[in-house]
Each structure stands twice: as structure tokens, then as C-alpha cells.
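Keep the sequence and the 3D view side by side as you read.

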Amino acid sequence: MGLYDRYLALRVRRHDAPPPAHVALVLAERDLLERGAYDTLESFFELAFEYGTDRVTVYVSVLDEAVAPTLERSLRDVDAPKPMAIRGPTDGDRADAPIQISIGLGGKHEFTTAVQALATEVEGGELSPDAVTEHDVEERLVFPDAPDLVVKTGAERLSDFMIWQSVYSELYFTDVNWRDFRRRDYLRALREYKQRSRRFGR
């Protein structure tokens, strides 16, 4: 670890604010085509857990759903420090693991599917419309947990990613491309997160 990285690590560890319990990373399909992309992902997982995170979610946006099975095979070969749950574009099974990976499962589709499930239950008399709560929606999402921090590399825009869950998340954009993402870039994200005052929509 270089001198600057040590300085950043010290700043992060000495700050009184707690680390993000849940970190989300937004990648594009093309990011995983770069040389060393999966090594960088392994390092990201290690860093996240090293600095106090309990859960990591990775969202990979894809232009063509046909590539999802290939990406899934490659991601399953990643040397992850904790168990992974991987979901594709049409998966509906709830993900519950320390590392969760979404491959092309858009937030709009995920939310729509949850609403359809609720509508079916209401129609069947299992649930009263007036009794539907935010918790009911979250219970039917594939990725139910809200990330504290969302990291996006390469550009200041998000994909169709966890539109329900990330409404109160802290967003961190860096112009560093994924292939160049290093320890110091993650530490910068943590430092900025700890310096913010979270308002949760208030």
C-alpha cells in the first residue's frame, strides 16, 4: 500500500461516522470485458468487507440479454470472500447472500413484478388494498435491501438500477473507469460517504 493509500485509510478509519453497511456497485457489461476486470471485482469485494461492509450488491447493466448467461458463468468463477447470489434478467427468486449480483435485472422490471404480485394477492382476497405497505413491496423484490452507498464508475449517470431500494442511498460517482479502479478510489468513496450528513429524504 502506497503512502497516499495509507493516508486515506487512516482518515477513513479515524472518522467517527460508521461505514456503509451495504455497498452497491454499478457496472456496465463493457466494464467486464476489460482486461483484469474480474480481478478488480475480487479486490473490490475484499476492500468492502475489510472496511466494515456487511453486504455488497453488484448491478451489471446489459444491452443484450443474450450475454447474461456468459456473464453469469464468468461471475460464478470469481474468487469471492463470501457467498454469492446471482440473478439474471428474468429471475424472480429473492437474493439473500452477503454478495448479491444482478445481471441485467432492471429496477423497473423488478418493481413492476413486485406490484403485479401484490395485485394478484389483492385480487385473490389475500390482502386488502388499504393494508399494502412499503414493507409489502420490499418483501416481493428480488433485491430487498437498500444500499447505503452506491458507487458508479466512468460517468455521472445511473442505469435502471434498484429504483425503489436506492431512493435514499448516497451516490458516489467517479470518472475513473472500472479497469483503473484501485484501493484509493474505494477509500475516496468511503471518505466522502462518512463526511456526508444522511437525510433519508427529509
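Ring pairs join F44, W178, F181 and Y186 into a cluster. The model is predicted. Across the model, the count comes to 7 aromatic pairs.

How do we describe such a pair? Two things are used: the distance of the ring centres and the angle of the planes.

Take F44 and Y186, two members of the cluster. Their ring centres lie 5.2 Å apart, and 75 degrees separate the planes. Planes over 60 degrees apart count as edge-to-face, so F44 and Y186 form an edge-to-face pair.

F44 sits in helix 2, residues 37–50, while Y186 sits in helix 6, residues 183–195. The two parts are 142 residues apart in sequence, so this pair ties them together.

Are these two residues buried or exposed? F44 has a relative accessibility of 1%, so it counts as buried. Y186 is buried too, with a relative accessible area of 0%.

Next, look at F111 and W164. Their ring centres are 5.5 Å apart and their planes meet at 20 degrees, so this pair is stacked. The cut-off for stacked is under 30 degrees.

This pair also links distant parts of the chain. F111 belongs to helix 4, residues 107–123. W164 lies in the loop between strand 5 (149–153) and strand 6 (170–174). The two residues are 53 residues apart.

Finally, check the surface. F111 is partly exposed, at 27% relative accessible area. W164 is partly exposed as well, at 24%.

Technical notes: Residues are numbered from 1 along each chain as its sequence is written. This is a predicted model: local features need pLDDT of at least 70, side-chain atom pairs count only at pLDDT 80 or more; totals for chains, interfaces and linings use all residues. Side-chain values use heavy atoms; hydrogens and water are left out. Rings of Phe, Tyr and Trp (its six-membered ring) pair if their centres lie within 6.5 Å; planes under 30 degrees apart count as stacked, over 60 as edge-to-face and the rest as tilted. Helices (H or I, at least four residues) and strands (E, at least two) are DSSP runs, numbered from the N terminus. Buried means under 20% relative accessible area, exposed over 50%, partly exposed in between (1.4 Å probe, protein chains only).
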